[in-house]
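Here are my notes on the side-chain contacts, for when you have the model open. Have a look and see what you think.

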Amino acid sequence: MEITNLPILDYLEFCRNTARSRGYLWVMVLLARKRDSQESYNDIKKYWNSYNDLTHNRILFLFSNSKNHKFDDKNGLPCENLDYIRVNNPNLSIVNNYPPAFSKNTYFFDTTINKYRINAIDNNENYITDIRDAYNINENCIPSIILFPTDWQYENQRIVIPISDDNLYNTIKNFISFIDKPFKDLFRLRAKLDKICDNITKTSEEMMENKITSKETHFLKAQNYLSQKILPGLSKEEKNYIDKIITNRDKEACNQFKQPLLGCLILIINSLNACLDQSIIRKQNILNALKHQNERFNIHKTNIMKLINQTERKLYEKASSFDEVSNAKIGKGKEVMIPNFKIGITFSGKYREKIVEPLCNELLKLGYKKSDIFYDSWHETLINGANGDEHLRKIYKEKCKFIVVLLSPDYCEKNWTNYIEWPAIKELINTGSANKICLLRIDLENTGVLDGLYDTQTIAKSIDAVPIKEIALFIDKMFKEKGDI
């Protein structure tokens with residue numbers, strides 16, 4: 001748990017990379033007014049260490065000590081010098097088990113920590129409206145905690161978890177318990193990666209220690225020069241004589257020769273006297289072994305990094321499913337927090353097993369995730385209940401970037417498609433968002449049977465004889481051209 005001297009929204013913009021580099025997967029913010037969740041604020045003040053131990057070094061539970069800071073437009077950093085500075089992030093002061101590092105003044109440790117804790121917790125309420133508006137969070141979803149991924153590729157997978165029974169601690173604990181396995185797997189892999197990186201550093205340092213010196217390099221050059229430039233032009237007797245001089249290390253005998261042979265022989269004999277030849281052989285053996293070891297470490301490092309990416313993806317997917325399940329259990333009088341989808345599919349139930357489910361599975365093979373696709377069987381908790389029709393209408397109207405409409409002879413005869421889903425889509429067409437709609441037809445010749453479509457001007461792709469894989473590729477292409485803006 002940390003306190004920042006920046007407003008939380010500014011922290012999320014400027015400093016999320018720092019949290020990522022320090023190993024945090026999420027930055028977590030309490031989204032609650034005191035009137036909504038007084039006990040949450042009281043518990044944080046009273047049991048700070050328990051919350052800090054719960055989030056540990058995995059989730060950065062963030063509070064802000066100050067609401068306003070002036071920024072340098074060029075560098076995006078605070079203009080004034082802060083009273084306290086954290087080494088690897090000048091905008092943070094850590095307050096869990098260590099005192100802030102004060103640059104201008106010194107304070108008694110316990111007094112300082114308690115002072116900034118209380119101020120930051122009290123000040124937290126000032127940001128609720130800002131965060132709610134900035135991230136389009138419904139007022140009925142407050143009180144809750146919101147988690148912002150530190151990895152930018154998951155930026156849109158913010159998680160809003162309502163506080164259950166005014167118990168913030170149990171809400172956080174339940175979430176961490178839910179993702180416990182991929183969480184532990186991820187940090188176990190990260191520890192392995194750190195160990196491998198340490199081994200790579202160690203072997204690299206050993207390679208530098210056993211690097212061939214300049215004297216040894218000159219010796220090798222002299223040997224090469226003698227064998228490649230001098231000896232090939234000599235007779236057998238002359239070669240044997242030079243070998244004898246080198247073997248006996250007879251410097252005086254070298255004086256009968258002129259340069260460059262004279263200098264070459266003297267350098268070789270001096271190097272042999274210094275045992276450089278044995279040193280080079282020893283170093284080359286060590287370097288070959290270290291090079292082979294380093295190659296194995298790097299291969300292992302690549303494989304571990306792949307596993308880390310896979311595990312991290314599983315973790316975020318599992319965390320998102322907790323978000324969905326929790327929001328479906330918010331309770332009476334509170335609106336379900338509906339996530340955003342890339343693609344939504346509306347269809348008559350008759351074609352579920354034959355077309356829709358195989359099609360959705362093909363989209364997964366193209367790189368989409370279940371959290372990207374609104375297929376009702378995958379997200380039943382979102383539309384379950386007395387207000388399911390409202391939620392369904394909202395999903396198609398507001399929460400899908402791109403909508404696939406599977407037109408069929410019975411599409412306009414079914415209550416859900418004709419009276420709930422199609423009216424939402426028709427409204428998109430009437431308000432200028434027709435480009436986000438993909439029309440497919442099966443067992444149907446005349447699209448004009450549906451209100452709002454006219455057979456003379458509507459083009460719907462027939463998929464009667466088209467393989468499922470090709471339909472998925474067509475949808476993917478249209479989404480990337482028209483929906484993924």
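**Charges and rings**

1. The charged end of Arg 58 sits over the ring of Phe 187, 5.3 Å from the ring centre. That label needs NZ of Lys or CZ of Arg within 6 Å of the ring centre and within 35 degrees of the ring normal. Lys 461 does likewise with Phe 474, at 4.9 Å from the centre.

2. Some housekeeping: this is a predicted model, where local features need pLDDT of at least 70, side-chain atom pairs count only at pLDDT 80 or more, and totals for chains, interfaces and linings use all residues. Residues are numbered from 1 along each chain as its sequence is written, and side-chain values use heavy atoms, with hydrogens and water left out.

3. Phe 187 also belongs to a cluster linked by ring pairs, together with Trp 26, Phe 175, Phe 183 and Tyr 316. Rings of Phe, Tyr and Trp (its six-membered ring) pair if their centres lie within 6.5 Å; planes under 30 degrees apart are stacked, over 60 edge-to-face, the rest tilted. The count is 17 aromatic pairs.

4. On to salt bridges (a side-chain nitrogen of Lys or Arg within 4 Å of a carboxyl oxygen of Asp or Glu): there are 14. Arg 20 meets Asp 151 at 3.3 Å, N to O, and Glu 312 at 3.0 Å.
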